[in-house]
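User: I've got a structure open and want to go through it with you. Can we start with the terms, then look at the packing?
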Amino acid sequence: MTDQKKPDQATTSEKPWGGRFSEPTDAFVERFTASVGFDQRLYHHDITGSIAHATMLAEVGVLTVDERDLIIAGLNGVKEDIEAGCFEWSVSLEDVHMNIEARLTDRIGITGKKLHTGRSRNDQVATDIRLYLRDEIDVIAEELRRLRSGLLDLAEREAETIMPGFTHLQTAQPVTFGHHLLAWYEMLVRDAERLQDCRKRVNVMPLGAAALAGTTYPIDRAMTARLLGFDRPSENSLDSVSDRDFAIEFCSFAALLMTHMSRFSEELVLWASAQFDFIDLPDRFCTGSSIMPQKKNPDVPELVRGKAGRVTGHLMSLLMLMKSQPLAYNKDNQEDKEPLFDTVDTIKGCLKAYADMVPAICAKADNMRVAAKRGFSTATDLADYLVKKGMPFRDAHEVVGKAVAFGVAEERDLSDMTLEELKRFSDTISDDVFDVLTLEGSVQARDHLGGTAPAQVRAAVARARSLLG
């Protein structure tokens with residue numbers, strides 16, 4: 001009885017590496033080790049890299065000009081098939097690279113088999129991932145810029161809107177809503193800087209390292225790097241094929257970005273609640289309840305808050321993936337793609353949602369103002385007032401503390417007390433005290449670089465816009 005080949009199971013002769021094997025790959029192992037189900041998204045970058053590689057091989061005389069042109073035309077035809085949806089991906093061919101190469105050979109014959117001269121799947125995949133991630137970084141940078149621009153617009157619009165500032169989630173001092181939004185903006189500035197710094201290390205070309213030791217062919221790596229838009233070729237062939245620092249660094253950027261966005265989300269969820277009622281989120285970014293007709297759920301901020309853990313998990317996954325690998329390439333590295341791809345998809349989605357949503361946030365200024373008057377938010381202003389009158393700060397702190405205790409007992413804010421009541425705590429207090437006990441007086445007094453005064457908010461917005469471009 002003859003053995004039957006299982007569906008989608010290649011014989012050893014059909015495998016690009018099958019020459020030294022005496023039996024076909026187990027059907028389960030074939031499925032278990034294949035990556036084509038997720039790495040096919042690299043097809044564009046794989047073909048781009050192959051075209052550059054073929055161009056270089058012809059330039060150094062490894063391929064003829066006719067062979068180069070035939071390969072490039074064939075690769076473009078494969079790309080058209082993929083984008084037309086008529087390309088059948090095969091698990092038996094393992095990955096995106098071998099699927100494309102096999103189809104190329106089907107289209108142009110034996111010349112297709114010459115494409116892989118002077119390279120390995122090890123340096124090929126490392127190049128593909130870097131090309132992919134570089135493009136995605138540029139998309140993400142633009143979405144990040146769009147979100148920052150929306151924050152600036154909202155901050156300028158709300159430059160004079162007063163709200164309570166918090167520490168320990170307790171009322172601390174009055175701030176402007178615009179100033180609070182600019183705190184978010186500063187976090188995103190650092191994120192954008194980290195992303196661009198990461199891009200520099202992504203933009204290094206490993207192609208030419210081959211499996212791990214380089215190649216005996218007279219390749220011109222500098223030429224290939226220029227064709228692909230890399231800053232330079234990598235220096236060490238062993239490191240070139242095994243390095244995934246760039247992916248870890250990107251995921252580190254992403255985890256910190258999502259940590260910031262999770263903090264934004266937490267505040268939006270709180271502020272949109274009936275208990276705070278500081279803002280109204282646009283209906284198109286919220287959902288309702290299947291049982292409670294009154295509900296308006298802030299699903300977008302809640303989901304972004306939840307996805308922060310997902311992205312941080314991917315960072316941990318990549319760190320653990322690399323922590324004990326000996327040089328050079330190991331099959332473990334196949335596990336780098338799914339965490340990286342999902343991180344890219346997740347942060348692109350979160351940034352798009354926020355860039356669309358933030359400009360449409362509506363501040364409820366009256367509610368914010370009422371909240372700012374609760375909790376003795378101008379107590380520090382009263383202490384500063386006494387210090388400016390010549391009282392040592394610790395004594396001023398004591399005086400104001402007693403005034404606050406009186407206010408708690410009477411359920412009255414400092415600004416609601418009479419001059420006579422305030423003078424019980426210090427004769428230094430005079431009728432000019434009410435200039436500093438108002439919310440407007442408090443925020444206007446902080447008119448310095450980095451302060452919460454409306455003029456400083458507008459100046460900060462102007463500076464940020466000039467840098468944002």
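Analyst: One cut-off first: a residue counts as buried when its relative accessible area is under 20%. Note too that this is a predicted model.

User: Good. Is Phe264 buried or exposed?
Analyst: Phe264 is buried, with a relative accessible area of 1%.

User: How many aromatic pairs are there in the whole structure?
Analyst: The search finds 10 aromatic pairs. In one of them, the ring centres of Trp184 and Phe264 are 4.7 Å apart and the planes sit at 15°, so this pair is stacked.

User: Where do Trp184 and Phe264 lie?
Analyst: Trp184 is in helix H7 and Phe264 in helix H10 (residues 245-272), so the pair ties together parts 80 residues apart in sequence. Trp184 is buried too, at a relative accessible area of 2%.

User: What about Phe406 and Phe425?
Analyst: Their ring centres are 5.9 Å apart with planes at 55°, so that pair is tilted. Phe406 lies in helix H15 (residues 393-410), while Phe425 lies in the loop between helix H16 (419-423) and helix H17 (434-437). The two are 19 residues apart in sequence. Phe406 counts as buried at 17% relative accessibility. Phe425 is partly exposed, at 21%.

User: Which residues of H19 are buried?
Analyst: Pro454, Gln456, Val457, Val461, Ala464 and Leu468. Seen down the axis of H19, the buried residues fall within an arc of 155°, so they line one face of the helix.

User: And what covers the buried residues of H19?
Analyst: The cover includes helix H6 (121-157), strand S2 (170-176), helix H7 (177-202) and helix H18 (439-445).

User: Which exposed residues sit on the face of H19 turned away from the buried side?
Analyst: Ser466 and Leu467.

User: What comes just after H19?
Analyst: Gly469, which takes a positive phi of about 85°.

User: Now charges. How many salt bridges does the search find?
Analyst: It finds 34 salt bridges in the whole structure. Among them, the side chains of Glu94 and Arg121 meet at 2.9 Å, N to O. Glu94 lies in the loop between helix H4 (65-84) and helix H5 (96-108) and Arg121 in helix H6, so this pair ties together parts 27 residues apart in sequence. Glu94 is buried at 11% relative accessible area. Arg121 counts as partly exposed at 22%.

User: What does Asp280 pair with?
Analyst: Asp280 forms a salt bridge with Lys296, with the closest N and O atoms 3.0 Å apart. Asp280 is in strand S5 (residues 279-280), and Lys296 is in the loop between S5 and helix H11 (299-322), 16 residues apart. Asp280 is partly exposed at 32% relative accessible area. Lys296 is partly exposed at 34%.

User: And Glu440 with Arg369?
Analyst: Their side chains meet in a salt bridge at 2.3 Å, N to O. That pair links helix H18, which holds Glu440, to helix H13 (residues 365-373), which holds Arg369, across 71 residues. Both are partly exposed: Glu440 at 35%, Arg369 at 33%.

User: Which residues do shared partners join into one network?
Analyst: Glu143, Arg146, Lys352 and Asp356, joined by salt bridges.

User: What about Asp46?
Analyst: Asp46 sits in helix H3 (residues 43-59). Asp46 is buried yet has no salt bridge. The nearest side chain of opposite charge is Arg119, 5.5 Å away.

User: What is Asp46 in contact with, sequence neighbours aside?
Analyst: Leaving out neighbours within four places in sequence, Asp46 contacts His97, Ile100, Gln124 and Asp128.

User: Last one. Is Glu136 buried or exposed?
Analyst: Glu136 counts as buried, at 14% relative accessibility. Glu136 is found in helix H6. Not counting residues up to four places away in sequence, Glu136 touches Val344 and Lys348.

Methods
Residues are numbered from 1 along each chain as its sequence is written. This is a predicted model: local features need pLDDT of at least 70, side-chain atom pairs count only at pLDDT 80 or more; totals for chains, interfaces and linings use all residues. Side-chain values use heavy atoms; hydrogens and water are left out. Helices (H or I, at least four residues) and strands (E, at least two) are DSSP runs, numbered from the N terminus. Buried means under 20% relative accessible area, exposed over 50%, partly exposed in between (1.4 Å probe, protein chains only). Lys and Arg count as positive and Asp and Glu as negative; His and the chain ends are not counted. A salt bridge is a side-chain nitrogen of Lys or Arg within 4 Å of a carboxyl oxygen of Asp or Glu. Contact means heavy atoms within 4.5 Å. The arc is that of the directions from the helix axis to the C-beta atoms. Rings of Phe, Tyr and Trp (its six-membered ring) pair if their centres lie within 6.5 Å; planes under 30 degrees apart count as stacked, over 60 as edge-to-face and the rest as tilted.
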